[in-house]
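Here is a short briefing to read alongside the model. Please keep the structure open as you go through the points.

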Amino acid sequence: MNGKKLQTEYDALLEKYDRVLSERAAAEYELSELKAAAENISRQDEEVRRLHESIRSIKHDMRNHLMVIASYLNGNDTAAAKAYTSEILDKLNSVHSYIETGNSLMNHILNEKLNLARGKEIAVKAEIENLSFAKMESIDFSAMLSNMLDNAVEASEKETSPEIVVQIARRRDYETILVKNKIGRSVLTDNPELASSKSDKATHGMGVPQIRSICGKYGGMCDFYEEDGFFCASSFIPV
């Protein structure tokens, strides 16, 4: 009888121990998610602050700029006025609007990667819906979106007229990401399996297995194809 009682108490303690470990693991994961969110918000605030400072600087200098242009025009020096105006436009074009999606992690990744692309003189177009991708863990969402954008940026560096298009939208029961980059020749003809190659990153092989793995983890799909002179990478995550 005592043996059975001890066994019962042991089993109860073991079950309690397992439950405590499980709760601790869940708490640690939640804490790591909260820390990651806080870091993303902090980076987002810094990015917005820098943008506002750039805009304030331009507004402060605009009166002086207009006076300089007026002086050139009054002196009939239209060539100097055009050159000076061109310089101002270049400065304005270097300041890009901040993409706000309602998702702090998505904000950070999109603004960081697309600003990197613009810094490499890659034309960027973005059509972003306010989606949460709540089904995905932050680390998986970050890896998937970052890889899709990194591949597009790396491939675009070798193009003469580079352009990247990003579309994030709800399609029926899926939250979708489409990243397209303009290509001068077929990527899939040269590398149909999209195998990774360190000597030629423009093959889009970098990160493709990870994108496929992450989509599969959440019961989603991904596709890589070419259309209208663009290489297209798309992911579909069920809601």
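**Strands, core and surface**

Eight bridges join the antiparallel strands β2 and β3, where two strands count as paired if DSSP finds at least two bridges between them. Helices (H or I, at least four residues) and strands (E, at least two) are DSSP runs, numbered from the N terminus. This is a predicted model, in which local features need pLDDT of at least 70 and side-chain atom pairs count only at pLDDT 80 or more, while totals for chains, interfaces and linings use all residues. Residues are numbered from 1 along each chain as its sequence is written, and side-chain values use heavy atoms, with hydrogens and water left out.

**The strand pairs**

- On to the next pair: β3 and β5 run antiparallel and are joined by nine bridges, with Thr176 opposite Phe236 in β5.
- Strand β4 (residues 221-227) is also antiparallel to β5 (residues 230-238), through seven bridges.
- In that pair, Asp223 faces Ser234 in β5.
- β4 and β5 make a hairpin with two residues between them, and Asp228 in its turn has a positive phi of about 50°.

**The nonpolar core**

- The largest nonpolar core has 37 residues, and those with the most contacts inside it are Phe133, Phe141, Met144 and Ile177. Such a core is a set of buried Ala, Val, Leu, Ile, Met, Phe, Trp, Tyr and Cys residues joined through side-chain atoms within 4.5 Å.
- Two or more residues of this core come from each of α3 (104-119), α4 (138-156), β2 (163-171), β3 (174-182), α6 (208-217) and β5.
- Helix α4 gives the largest share of this core, eight residues.
- Contact here means heavy atoms within 4.5 Å.
- Strand β3 is mostly covered, with seven of its nine residues buried. Buried means under 20% relative accessible area, exposed over 50%, and partly exposed in between (1.4 Å probe, protein chains only).

**A closer look at Ser234**

- Ser234 belongs to strand β5 and is buried, with a relative accessible area of 6%.
- Not counting residues up to four places away in sequence, Ser234 touches Met148, Ile177, Leu178, Met221, Cys222, Asp223 and Tyr225.

- Tyr10, Leu14, Tyr17 and Leu21 make a nonpolar surface patch of about 410 Å². Patches are made of residues with over 30% relative accessible area and no salt bridge, with like charges joined within 9 Å and nonpolar side chains (Val, Leu, Ile, Met, Phe, Trp, Tyr) within 5 Å. A salt bridge is a side-chain nitrogen of Lys or Arg within 4 Å of a carboxyl oxygen of Asp or Glu.
- Leu21 sits in helix α1 (residues 2-74) and is partly exposed, with a relative accessible area of 38%.

**The chain as a whole**

- The chain has six helices and five strands, in the order α-α-α-β-α-β-β-α-α-β-β along the sequence.
- Of its 239 residues, 35% count as buried.
- The chain exposes about 14,900 Å², and carbon and sulfur atoms supply 52% of that area. Accessible areas come from the Shrake-Rupley method with a 1.4 Å probe, and for residues only the protein chains shown count as cover.
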